[in-house]
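Hi,

Here is the structure I promised to pass on. Have a look at it first, then read my notes below.

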Amino acid sequence: MIITGDDPEYIAFVKARLRDQFLMTDLGPLRYFLGIEVSSTSDGFSISQEKYIQDLLARAALADERTIETPMELHVKLRPTDGDPLPDPTRYRHLVGSLVYLAITRPDISYPVHILSQFVSAPTTVHYGHLLRVLRYLRGTITPRLFFPRSSSLQLQCYSDATWANDPTDRRSLSAYCVFLGGSLVAWKTKKQVAVSRSSVEAELRAMASVTAEVT
């Protein structure tokens, strides 16, 4: 359980009441929780999943030590029929599921994880190859973290984008957005649009509607 707030006296009161009702141990300031590492300084705090990435790479047992500068090639459009079906898709599903959780602190892999997660029901050798690319990218970028400054303003800034007819199978577009509260990245998402857009302008408007709903 994480207890947080801007009133130390009330936090202490809540802890005391919880100890009256439950057997609990106070672990002190937040450092590690469900695979997420938290570090605090006078300037702010940051979150990362370095150990989680290291454990993920150990489970993946890659055959080489290569690293790659980008998680996915530009203009790649994967299809369900690309490559041969994997004899056992369990490994693919496990790794993609782990990447979904890793995306909590790594917005840079949000797009490839969204693409790869569409094929968990019947992954192929081609899909698995792109999955390995993401893992090699993570091997070379273990240390990046999200930083939340203490002096950040409360002004919201939102950015959205769309890739028109991105899916070669159903021609649906892809929406993406990110939301900053001052200098802190607080929300981001990549998702296939629910309907086929007839133009790139319509796809962009759907992406703007998504981020507007998120902010609201």
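Buried means under 20% relative accessible area, exposed means over 50%, and partly exposed is in between, using a 1.4 Å probe and protein chains only. In a regular strand, side chains alternate between the two faces of the sheet.

Before going on, keep in mind that this is a predicted model: local features need pLDDT of at least 70, side-chain atom pairs count only at pLDDT 80 or more, and totals for chains, interfaces and linings use all residues. Residues are numbered from 1 along each chain as its sequence is written, and side-chain values use heavy atoms, with hydrogens and water left out.

E4 belongs to an open sheet of 4 strands in the order E1-E2-E3-E4, with antiparallel pairing. Its edge strands are E1 (32-33) and E4, each of which pairs on one side only. (Strands are DSSP runs of E, at least two residues; helices are runs of H or I, at least four; both are numbered from the N terminus. Two strands pair if DSSP finds at least two bridges between them.) E4 is joined to strand E3 (residues 44-48) by 4 bridges, and Phe-45 has Phe-148 as its bridge partner in E4. On to strand E2 (residues 36-41): E2 and E3 pair in the antiparallel sense over 5 bridges, with Val-38 opposite Ile-47 in E3.

Now for Arg-145, which lies in the loop between H5 and E4. Is Arg-145 buried, exposed or partly exposed? It counts as partly exposed because its relative accessibility is 39%. Leaving aside neighbours within four places in sequence, Arg-145 is in contact (heavy atoms within 4.5 Å) with Ser-39, Ser-46, Ile-47, Ser-48 and Glu-50.

Last, the nonpolar cores. A core is a set of buried Ala, Val, Leu, Ile, Met, Phe, Trp, Tyr and Cys residues joined through side-chain atoms within 4.5 Å. The largest one has 30 residues, and among those with the most contacts inside it are Tyr-92, Leu-99 and Leu-135. Helices H2 (50-60), H3 (90-102), H4 (110-117) and H5 (125-140) each supply at least two residues of this core, and the largest share, 7 residues, comes from H5. A second, separate core of 6 residues includes Ile-36, Val-38, Phe-148 and Leu-185.

Cheers
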